Amino acid sequence: MKNVKKTWKIADIGVFLKNSLVAILKGEFLLRLNVGRYFIHIAYTFFLFALVIWISLMIDNTQSKVEKNKRTLQELEIVHSQKTYEIVSLSRRSTVNAMLQEMGSNVQEAQQPATRLVE
Amino acid sequence: MSENSGIFKNRERISIILYTLYIVLLMASLLLILRIIGIQLFFRPDEKIKDALTPAVVAKTIDPARGNIIDCEGRLLALTTPTYQIYMDCTVLKEEIETRMNNKIARAKDDPVKISEAKKEAETREAEWLGKARMLSAELAKTFPGKSPEYYYKLIRDGRANNRKYVKIGTPIDRNTRNEVMEFPLFRDGRYKSGLIFEQDYVRKYPYGKLARRTIGFVRNNKSDVGNTHIGLEGKFDHILHGTNGREYLRETDHGRMRDNDSAFVKAVDGKDLRTTLNIDYQDLADKALREQIEAEDDLEGACLVLMEVGTGAIRAMVNLVRDNAGSGSWEEIQNIAIGRKCEPGSVFKTVTLMSVLNDGFVKSLEETLPAGSGHVEGTTINDPHIPDFVRNHGGVREISIIDGFKISSNYVFATLAVKNYGKHGKKDETKRFLQNIYTYKLGEAYDFDLDGMLTPTIPSPESRYWTNTDLGSIGFGYSTEETPMHILTFYNAIANKGRMMKPYLVEDIEEHGLVVDKRGPSVLNAAICSKAVADTITRALKAVTEEGTAKRLKNAKCTVAGKTGTSFGTFENGQYSDASGRKKYQGTFVGFFPAEDPQYSVICAVYSKPTGKQFQGGGIPARAIKTLIDGLYNIDPYFQPTLNKAK
């Protein structure tokens, strides 16, 4: 048998593309490539791609919730700081005295030190 | 056979279904691939659409939350809250009303009735909007007093006429007021119908108002045309309170703007909290006590009162009041007199001379005497007119003891002690020794303090060409030197602390989320400026001043007080202590500590007058203010609380 060396021609690309297309249409592309035994890996890869896309969408969704919660938290912090400011402002000793006087209360500043109970 | 053919048929059917499904999916994927190629290589969108839909990534600086300033018991002295500035887009709905009218007119095709209806509708809607704006103006005038409803209505109406989209309304408001404003007529219709815009900004708030405002301080932004932008604790510790800015990149998504995780993100580090030594209750008492005394005195221009804890040097209250002559003339915390104003201290400096002669062994007992005659200090031009009075009042005695001299605050006695013991006598000259003692008592240097602006005292030097033969004597009774109230208080605090001089401080520690990250606390300036015996001797002399001397006003305070009064005069441009019409600028001081037998607090009060014919002695306003403070503090300070055994 003669050992004939195969030479490539441009037309071979056309033949290759045609054969590939026919193989794709017949659903035999992977079999023709002889990678049938890796089919599970290829399917797994595609599964991972889909998973990545799905996770990305989930991340976006979560992030939007994070941003929304951040805004809510910021609002609450503002309310908290405002309320704190108002309450602390009222706790000034002379303010309390003035308010008591306004209300006609008999409560006054201590006139003598409080007695401390010890064990 | 028929069974087999059935299986084959079934398989064939499944194959056809799968094959069809495969072809459909294949076509779909092919379509997708072609579409992707088309979009990537050939699609050229309209620029406007591209701009609108391309998710722009914008960089944003994340501002850290500024740390709080709290008092020694954890009460908030300074915190950050948001404020809101109202702006208004006065053109809102205007364009829509006009467009709607124009469209109707165009559709009316010269039908005068329809044109008239269209115009009337536009006018009605405009009138309705302006009507609401009028109601809004009435509410705005209530919220921002000082401007009439007509003013606000004109502002809005003119803004609408001139197509102004950013009209400032009123002054910044807090969150509660913002919520109320949002319920005002027109504004309650929402942003797109009223043109309401809120600009949020964070500002520093001080819940205790003017209390310790100068000590707490503030930070102005760099745009301010005032040179000193960092004042008080806020300024000095700005690098700790401010925190570190962060940076993030935001992208537009269907869910709004959110952080772009593909870009760098630098987290902002919030500022840390500052726990001060101030006790806001004591500050309130001190502020009230001082204001009560000075409020009615038109001739006073400034006053300060500082309360310090003896054992630690912690400043519990620091009041600095200056008459705001540029403004309303009221008393404001606009200058830190306690550390930033130095004057000749007057008689409170006699204690320095006393300590010096006791320390150096020139005087062994307070009962030692000096000749009492004309009051002239030998070798100087100093004359003390109080000595002849003393002689007269004491049956013509020929001698005066040091403690009596201290009680009546005799310049003669202390000038004599300085000149006699440290002056030049033949070849012997101990002047430098005396001055060195003053430096040892830390009365000649500006030590490190928690606030910027502490002045360095002025102590004259015999090597200076301005030194005269009266200088040593006058230093002996508190002239020719300049000291800040804080320096004097630190010295007296050391006497109360049995010679151990503590450094005054204002910052207890630096905290983060309630945990101490940097403990500062007390530190010692001089471990022993005098022996315990000398401190006890001086305390006895100081107690005599409040019991029988120039500060008798404090005798009936709720606890025993030891202290010294001092009165000095500011110099005029002519170099004299009085102007042409005989008016003087007084500095009246009282400094001391209490309770005298077991000192817990030291205190100083100084008042400064304008040129006046009235007298402002240390035993007057300062002593009265301190008595009020001590009486108030006695009732609330745990040290003074008596104990009762529960078991009994």
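Reader: Into which domains is chain B divided?
Author: Happy to start there: this is a predicted model, in which local features need pLDDT of at least 70, side-chain atom pairs count only at pLDDT 80 or more, and totals for chains, interfaces and linings use all residues. Residues are numbered from 1 along each chain as its sequence is written, while chains are lettered from A and ligands numbered from 1 in the order in which they are written. Domain bounds come from an automatic or database domain assignment. For chain B these are domain 1 (90-194) and domain 2 (280-640).

Reader: How are H11(B) and H21(B) oriented to each other?
Author: Helices (H or I, at least four residues) and strands (E, at least two) are DSSP runs, numbered from the N terminus. The axes, lines fitted to C-alpha atoms over the stretch in contact, with angles from 0 to 180 degrees between N-to-C directions, come within 9 Å and cross at roughly 150° for H11 (residues 280-294) and H21 (residues 621-636) of chain B. Angles over 145 degrees count as roughly antiparallel, under 35 as roughly parallel, 65 to 115 as roughly perpendicular and the rest as oblique. H11(B) and H21(B) are therefore roughly antiparallel.

Reader: And what about H13(B) and H16(B)?
Author: H13 (residues 350-359) and H16 (residues 411-422) of chain B pack with their axes 10 Å apart, at an angle of about 40°. By the angle classes above, H13(B) and H16(B) are therefore oblique.

Reader: Which residue in S9(B) stands opposite B:Arg251?
Author: Strands S8 (residues 246-253) and S9 (residues 256-259) of chain B run antiparallel and are joined by four bridges; strands pair if DSSP finds at least two bridges between them. S8(B) and S9(B) make a hairpin, with two residues between them. Opposite B:Arg251 stands B:Met258.

Reader: Which element gives the largest share of the side of chain A that touches chain B?
Author: In total, 28 residues of chain A are in contact with 33 residues of chain B, contact meaning C-beta atoms, placed from the backbone, within 7 Å. Elements giving two or more residues to that side of chain A are H3 (39-90), H4 (93-102) and S1 (116-118). The largest share, 12 residues, comes from H3(A).

Reader: What is the bridge partner of A:Val118 in S25(B)?
Author: S1(A) pairs with S25 (residues 643-645) of chain B in the parallel sense, over three bridges. Within S25(B), the partner of A:Val118 is B:Asn645.

Technical notes. Contact = placed C-beta atoms within 7 Å.
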